[in-house]
Amino acid sequence: MPHIALPEGVPGIVSGFAFRPETAKPMRELAHVLLHGPNSLTPAERELIATYVSSRNDCYFCQTSHGAAAAAHLGKDWGLVDQVKRDFQAADVSDKLKALLTIAGKVQESGKRVTAEDVAHARELGATDMEIHDTVLIAAAFSMFNRYVDGLATWQPDDPTMYAAMGERLASQGYLIPSA
Amino acid sequence: MAYIDLRNDLPGIRGAMAFRPETARPLNDLVEILLHGPNSLTPGERELIATYVSSENDCYYCQTIHGAVAAASLNGDEALVKQVKHDFQNADISEKLKALLVIAGKVQRGGKHVTADDVARARAQGATDVEIHDTVLIAAAFCMFNRYVDGLGTSQPRDEAMYRERGKWIARDGYVNVSKEYLPA
């Protein structure tokens, strides 16, 4: 049961968004710029960062919906998504993305955990300042989204079909349009 | 010095926002609604929640600037701001705000820490669903802002007068208006 009177039958963050459209708007816009807007990191890479942080925060709705969006961008490669969540160092992703995931994991714990060495390492592997900035902000933003979704005790159904459809929609349309 | 070249000398979140205006806009819009927009919680109460969470996250820039906005919204009562950070249960604030700060502190540690009992206690002290929602989201949002500011290693000057002046300015004009100083039109 959600902690407050959220609309029934609406899952996860969508119920918080429906309850308070005023705050939903900038939160949707932020997710859209970070995950779907023009970027030298691919949408799949950015969704993997979001999924990894959500997994570390143990947010079922967020890791499953963004994992589905990542899989949709990756030609349905759910195995890679699971591998990144479980042990990204052994996953078939670039060394640059591994260095960015290391930074994201530190931000998830606390911003203060990130070191100049972590950033220098990412830069050696080709990460730009903008990519490092966006990695930090994606990880920080999901430290917000995850707390919002779990802090209200939103309804988070265990329904793989629903998340797969959501992932396809997010991957193709982005985050600005409220889902039905 | 920040970990990346922000291409400006602005301190704290302003340096990061000026670097990336595309994300700065929704970030400012969100904080404007949560802390400055119309609400049954006063701006002083909401800024105290933001300050408390930023203090728990040990973010100097955020706790100092939002502490200054809180004080400016509370007739300059900087001692009350310090007391809320230090031990809010013994601060001269309402029982409702204490119950909301308990929820905010749990969100800071992780959303799953919030219990139905915490929420029932806030409701028993008169908190509405929107106030509980906004408390959760303010606490969650500051877990983002704090990580953003510290995760980039932004410069955070120890200059109390600077924060005090900006705090008054933000309390009066709000976040979106103040952001026009460093964001392109």
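**Exercise 1.** At what angle do helix H3 (residues 43–56) of chain B and helix H4 (residues 60–73) of chain B pack, and how far apart are their axes?

*Solution.* Keep in mind that this is a predicted model. Start with the geometry: H3 and H4 of chain B pack at about 160°, and their axes are 8 Å apart. Next, compare that angle with the cut-off: angles over 145 degrees count as roughly antiparallel, and therefore H3(B) and H4(B) are roughly antiparallel to each other.

**Exercise 2.** Describe chain B as a whole.

*Solution.* Count the elements: chain B has 10 helices and zero strands. Then turn to its size: the radius of gyration of chain B is 16 Å, close to the 16 Å from the globule rule for 185 residues, so chain B is as compact as a globular protein of that length. To finish, check burial: 53% of the 185 residues in chain B are buried.

**Exercise 3.** Which helix gives the most to the side of chain A that touches chain B?

*Solution.* First, take the contact itself: 40 residues of chain A are in contact with 41 residues of chain B. Helices H2 (21–36), H7 (116–124) and H8 (129–151) of chain A each supply at least two residues of the chain A side. H8(A) gives the most, with 16 residues. By class, this side of chain A has 22 nonpolar, 10 polar and eight charged residues.

Definitions and conventions
Residues numbered from 1 in each chain as written. Chains lettered and ligands numbered in written order. Predicted model: local features only at pLDDT ≥ 70, side-chain atom pairs only at ≥ 80, totals over all residues. Axes fitted to C-alpha atoms, helices over the stretch in contact; angles between N-to-C directions. Helix = DSSP H or I, 4+ residues; strand = E, 2+ residues; numbered from the N terminus. Parallel < 35°, antiparallel > 145°, perpendicular 65-115°, else oblique. Contact = placed C-beta atoms within 7 Å. Nonpolar A, V, L, I, M, F, W, Y, C, P; charged D, E, K, R; others polar. Rg over C-alpha atoms; globule rule 2.2 N^0.38 Å. Buried ≥ 20, exposed ≤ 12 C-beta atoms within 10 Å, placed from the backbone.
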